[in-house]
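Me: I am new to this structure. Could you take me through it in short questions and answers?

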Amino acid sequence: MRVFSGIRPTGELHIGNYLGSVYQWIKLQDLHECFFGIMDYHAITTPFEPEKMEKNILDTLIVYLAAGLNPKKCTIFVQSHVKEHIELAWILGTITPLGELKRMTQFKEKAKKHPEYVNAGLLNYPLLMASDILLYKTDLVPVGKDQIQHVELTREIARRFNKMFGVVFKEPKVLLSEGEKIMSLQNPKKKMSKTDDPKGCILLFDEPEEIEKKIMRAVTDLGKEIKYDPVKKPGISNLLKIYSIFSEKSIKELEEKYKGKGYEQFKRDLTKLLIKKLEVFRKKKKELEKREVYLKEILKKGAEKAEKVAKLTMKEVREKMGLEI
Ligand code: AMP
Ligand code: TRP
């Protein structure tokens, strides 16, 4: 099966991004033919700093590699290096009613957050995402919960194209991970997001002192029981979920272990665990930052591999539409 996913290079990644995406990609590279993009053309739909873009792209690649993606087993590339993404996005735009784009939750949320920056690219974001996915005739799209709506729209667009012009595309399915939604440490009712609340986020490149500070200051709930109950105890439940995924222990096991112990002990152990588990990111960053040529070579080879597949699909699309002369 084919797998496609990607993240936007918008700066340092947090454990929510990681658990919701890259973490689950690692297993997939051994089972399927995988394409993992660094979605730079998506990143420019919200305010960004041009002078930081290259660094953000390379940092995202470092995260992919530190997490365990192996460029020999999967294809890693930068979205803008494969021009077919834009070409297909244009075509998909011509068969997608405006209303379908306007009702997307992410569009509405981002438009509200940056009222001075509601550009047509932000509205068309899902078309480019559909293009990313459909170009590779993808079967599975491993993403966090917030992206389900976009994959649903992608299926709708694929169905419509196939009906109008003949079958080219597959209808992709979402693959959700257990870290589908990690909440902010400061406000466990909201998702962890760097732009909304940096103190509520643990970044993958955070130093041990920062991890400690953020966990020890994380919001907890009334009472002192360590119990999973997202409605009554959203703070502790979120921490338990993070603990459980990183330690590969079930939540039940953890509840058992911390019976009769207070929040303080639990937080201290979680801090220790995270410092240890995130060490690989800090280490790899220091090591790979100096190897820019190596990093760029991975991206170049990745783009070449991706382009081969993308070109074939584009040819089919153009043929079906009577554009291949
Ligand atoms: P983004 O940084 O918005 O491009 O997101 C990259 C990936 O991380 C997507 O698959 C999102 O679904 C996922 N993601 C972002 N924030 C969270 C979160 N708080 N919890 C779980 N997954 C998330
Ligand atoms: N929109 C996704 C996000 O914000 C990133 C993304 C772009 C993506 N194109 C994609 C994810 C294609 C999966 C498949 O997280």
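This is a predicted model: local features need pLDDT of at least 70, side-chain atom pairs count only at pLDDT 80 or more; totals for chains, interfaces and linings use all residues.

Me: How many residues surround ligand 1?
Reply: The closest to ligand 1 are Ile-7, Arg-8, Gly-144, Asp-146 and Ile-182. Helix H1, residues 15–20, gives the most to this shell, with three residues. The whole shell around ligand 1 has 17 residues.

Me: Which side chain has an N or O atom 2.4 Å from an oxygen atom of ligand 1?
Reply: Take the polar contacts of ligand 1 in turn. A polar side-chain atom of Asn-17 lies 3.1 Å from an oxygen atom of ligand 1. Ile-182 uses a backbone N or O atom, 2.8 Å from a nitrogen atom of ligand 1. The side chain at 2.4 Å from a ligand oxygen belongs to Asp-146.

Me: Which element gives the largest share of the shell around ligand 2?
Reply: There are 13 residues around ligand 2, and His-42, Tyr-125, Met-129, Asp-132 and Gln-147 come nearest. Strand E1 (2–7) and helix H8 each supply at least two residues of this shell. The largest share, four residues, comes from H8.

Me: How many residues of the shell around ligand 2 are nonpolar?
Reply: Sort the shell by class. Four residues are polar and two are charged. The nonpolar residues around ligand 2 number seven.

Me: Which residue has a polar side-chain atom 2.7 Å from a nitrogen atom of ligand 2?
Reply: Go through the side chains that reach ligand 2. Arg-8 has a side-chain N or O atom 3.5 Å from a ligand oxygen. Gln-147 has one 3.0 Å from a ligand nitrogen. The residue at 2.7 Å from a nitrogen of ligand 2 is Tyr-125.

Me: What area does ligand 2 expose when taken alone?
Reply: Among its polar contacts, ligand 2 has a nitrogen atom 2.7 Å from a polar side-chain atom of Tyr-125. The protein buries 93% of the area that ligand 2 exposes alone. That area is 360 Å².

Me: Which helix gives the most to the lining of the second largest pocket?
Reply: This pocket holds about 280 Å³ of space. Its lining has 16 residues, and Ala-89, Trp-90, Asn-124, Leu-127 and Leu-128 lie nearest its centre. Helices H3 (40–43), H5 (84–93), H6 (98–102) and H8 (120–135) each supply at least two residues. The most, five residues, come from H8.

Me: How many charged residues are in the lining of the second largest pocket?
Reply: Count by class. Nine of the lining residues are nonpolar and seven are polar. The number of charged residues is none.

Me: What is the volume of the largest cavity?
Reply: Its lining consists of Met-104, Gln-106, Phe-107, Leu-122, Tyr-125, Pro-126 and His-150. H7 and H8 each give two or more of these residues, and H8 gives the most, with three. The volume of the largest cavity is about 30 Å³.

Me: Is Ser-131 buried or exposed?
Reply: Ser-131 sits in helix H8. A polar atom of its side chain lies 2.7 Å from the backbone oxygen of His-85. Its relative accessible area is 0%, under the 20% cut-off, so Ser-131 is buried.

Me: How far apart in space are Tyr-117 and Thr-46, C-alpha to C-alpha?
Reply: Tyr-117 is in the loop between helix H7 (105–113) and H8. At 30% relative accessibility, Tyr-117 is partly exposed. Tyr-117 and Thr-46 are 71 residues apart in sequence. In space, their C-alpha distance is 7.0 Å.

Key
Residues are numbered from 1 along each chain as its sequence is written. Chains are lettered from A and ligands numbered from 1 in the order in which they are written. Side-chain values use heavy atoms; hydrogens and water are left out. A residue is near a molecule or strand if one of its heavy atoms lies within 4 Å of it. A polar contact is a pair of N or O atoms within 3.5 Å; within protein, one must be able to donate a hydrogen and the other to accept it, and residues adjacent in sequence count only if both atoms are side-chain atoms. On a 1 Å grid over the protein atoms alone, a cavity is a set of points where a 1.4 Å probe fits but cannot get out, and a pocket is an open set with protein on both sides within 12 Å along at least five of seven lines; lining residues have an atom within 4 Å of a point. Grid points are joined across faces, edges and corners, and a volume is the space filled by probe spheres set on the points. Ala, Val, Leu, Ile, Met, Phe, Trp, Tyr, Cys and Pro count as nonpolar, Asp, Glu, Lys and Arg as charged, and the others, Gly among them, as polar. Accessible areas come from the Shrake-Rupley method with a 1.4 Å probe; for residues, only the protein chains shown count as cover. Buried means under 20% relative accessible area, exposed over 50%, partly exposed in between (1.4 Å probe, protein chains only).
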